[in-house]
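Take a moment to turn the model around on your screen. Then follow the chain with me, one part at a time.

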Amino acid sequence: MRVESIRYQNYRNLADFTLTPCEGVNIIYGNNAQGKTNILEGLWLFCGGHSFRTQSYRELIQFDKSFAKLECVFYGQERRQTAELTMETGGRVIKVNGVEQKTSSALIEKFCAVVFSPENLSLIKRGPSERRSFIDSAICREKLRNALTLQKYNRLLKQRNALLKEIVRNERLKETLSLWDEQLTTLGAEIVRRRMDFIKMMTERAVVYHKGISRGSEELRLRYVSSFGAEENDDVRTLKEKFLEKCRQSLQTEMLTGSTAAGAHRDDIEIIINGKNSRFFASQGQQRSAVLSLKLAEASVLRERMGENPVILFDDVLSELDNDRQDYLLNELRDCQVFITCCEKSNKEQLNEGKIFYVSEGNVE
Ligand code: ATP
Ligand code: MG
C-alpha cells in the first residue's frame, strides 16, 4: 500500500495543497500548531472514515468554510486507486474509484494504515478499555466482517444490560434472557478468538521490534487476560461454552448491577517488559518504545493478512527517545511507506534516505 498523492482542501488549518510523498520515509516537520498532525489525520481518514482525534467530522472542516475535501491517489491491491472524502455540515460523501459509497466502512479493506499518536501512550497506563480498542481497531481494519461482529456485539450488550435492569421489575422476563445470551456469547466467542489470534501473531513480531528499538536491552511480551477463563488454545465452541457458563454464574450479581459482568467487553491485554507489567513499571521511553513496537507488529500482521504493507503514520514519535531508538525508526523500517512528524530540525539530518516536508501555517514546502 502506498500513497501517491493527497490533496487537502479546507481540512482543519490546511487550506489547499497536494502532498506527493516518496515510497519510503517522509518526514513532516515544523513548529507547533502548523498542521503536521492534521496531515496525518487526513491520511488516516481513508482507513474507514474515522479520525484518531475526534468523533465529529464537522470539526475537520476549516473554521468559516462550508466543506472540507480530501482526495487520495494510492496503490493498493496491485492497482492505482482513488478515494475522495467530502465533509459538509449536512453530511459526508465518500467515493472510491469515482463511485459513491453508502457508508465509510466501504473504505475498510481498500486503504490500510497504522497510526501512532501521542494519545496512544495511554495504551500502557490507562485502563483495559484502551487496550481492547487498540486490538479491536486492528482486527476491524483487517476484515469488514470483524467490524460488523463487534458492532453487533456492542448493540446486543446494551440490549442485554437494559433487559437485566427490567428483570428486577418484571421477573417473568428472565425467561427471555437465554435468547440474548445465546447470541451474545456466539459473537463474544468469535471476537475473543480473533483477538487472541491477532495478539499471538503480534507478540511474535512485537518482540523483534522491541529488541530492535531497545537495541537488545529489553524483552516485550503480551498476554490476553480473559474475564471468563478463556485460554489461548480454546476453539470458538469452547469459548462460547465458557462465556455462557459465566453468564449463568453471574446472573444474580448482574441483576443487581444491571450490567453484564464478563465477556469480550471486560477483557484486558497485559503488556509486559522484562517480566514486569508495563502499566505499573515502565519509564516514559519504555512506554513509547513498547507502543511503537506494538504498532509496528500490528502493521506486520496486517501485511500478512492483507498481502500488502499498510502505510505507517507516526505522529510525534521521536521525542523522549534516545538517539539509537530514533535512528532505528528513521532508518530501519524498510519496505513500508512511513510518515513521521516532528518539531526538531535535527531529526531531518538523521534521515539517511527519504523526503522532507516543512509545514508552516497550514502550508507545505
Ligand atoms: P504540534 O507540534 O503542537 O503537535 P501540529 O503541527 O501537529 O502541532 P495540528 O494539530 O496539526 O498542529 O494543528 C494545527 C492547527 O490547526 C492548530 O492551531 C489548530 O487550532 C488548527 N485547527 C484545528 N481544527 C481546525 C479547523 N477546523 N479549522 C481551522 N484550524 C483548525
Ligand atoms: Mg501535532
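**A walk through the fold**

Begin with strand E5 (residues 79-88), which pairs with E6 in the antiparallel sense over six bridges. Helices (H or I, at least four residues) and strands (E, at least two) are DSSP runs, numbered from the N terminus. Two strands pair if DSSP finds at least two bridges between them. A hairpin of two residues links E5 to E6. Within this pair, Ala83 has Val96 in E6 as its bridge partner.

A word on the source: this is a predicted model, in which local features need pLDDT of at least 70, side-chain atom pairs count only at pLDDT 80 or more, and totals for chains, interfaces and linings use all residues. Residues are numbered from 1 along each chain as its sequence is written, while chains are lettered from A and ligands numbered from 1 in the order in which they are written.

Move on to the next pair. Strand E6 (residues 91-96) pairs with E7 in the antiparallel sense, over three bridges. Ile94 stands opposite Gln101 in E7. Lys95 has Glu100 in E7 as its bridge partner. This is again a hairpin, with two residues between E6 and E7. Asn97 sits in the turn, with a positive phi of about 50 degrees.

Is Asn97 buried or exposed? It has 12 C-beta neighbours inside 10 Å, so Asn97 counts as exposed. The cut-offs are these: a residue is buried if 20 or more other C-beta atoms lie within 10 Å of its own, exposed if 12 or fewer, and partly exposed in between, with C-beta atoms placed from the backbone. Leaving aside neighbours within four places in sequence, Asn97 is in contact with Gln81 and Thr82. Contact means that the C-beta atoms of two residues, placed from the backbone, lie within 7 Å.

Now take in the whole sheet. Six strands form an open sheet in the order E2-E1-E4-E5-E6-E7, with antiparallel pairing. Its edge strands are E2 (14-19) and E7 (99-101), and each pairs on one side only. Neighbouring strands are turned by 15 degrees against each other on average, direction ignored. Angles run from 0 to 180 degrees between N-to-C directions, and axes are lines fitted to C-alpha atoms, for helices over the stretch in contact.

Helix H1 (residues 36-44) packs on this sheet. It touches strand E1 (2-11), E2 and strand E4 (67-76), and its direction makes about 115 degrees with that of E1. Eight of the nine residues of H1 are buried, so this helix is largely enclosed by the rest of the structure. Among them are Ile39, Leu40 and Trp44.

Next, find two other helices. Helix H4 (residues 144-169) and helix H5 (residues 177-213) pack at an angle of about 145 degrees, with their axes 9 Å apart. Residues of H4 including Leu150, Tyr153 and Leu157 meet residues of H5 including Trp180, Leu184 and Ile191.

Finish at helix H9 (residues 323-331). Which of its residues are buried? They are Arg325, Gln326, Leu329 and Leu330. Seen down the axis of H9, these fall within an arc of 130 degrees, so they line one face of the helix. The arc is that of the directions from the helix axis to the C-beta atoms. On the other side of H9, Asn323 and Asp324 are exposed. The buried residues of H9 pack against strand E3 (25-29), H5, helix H8 (284-306) and helix H10 (345-350).
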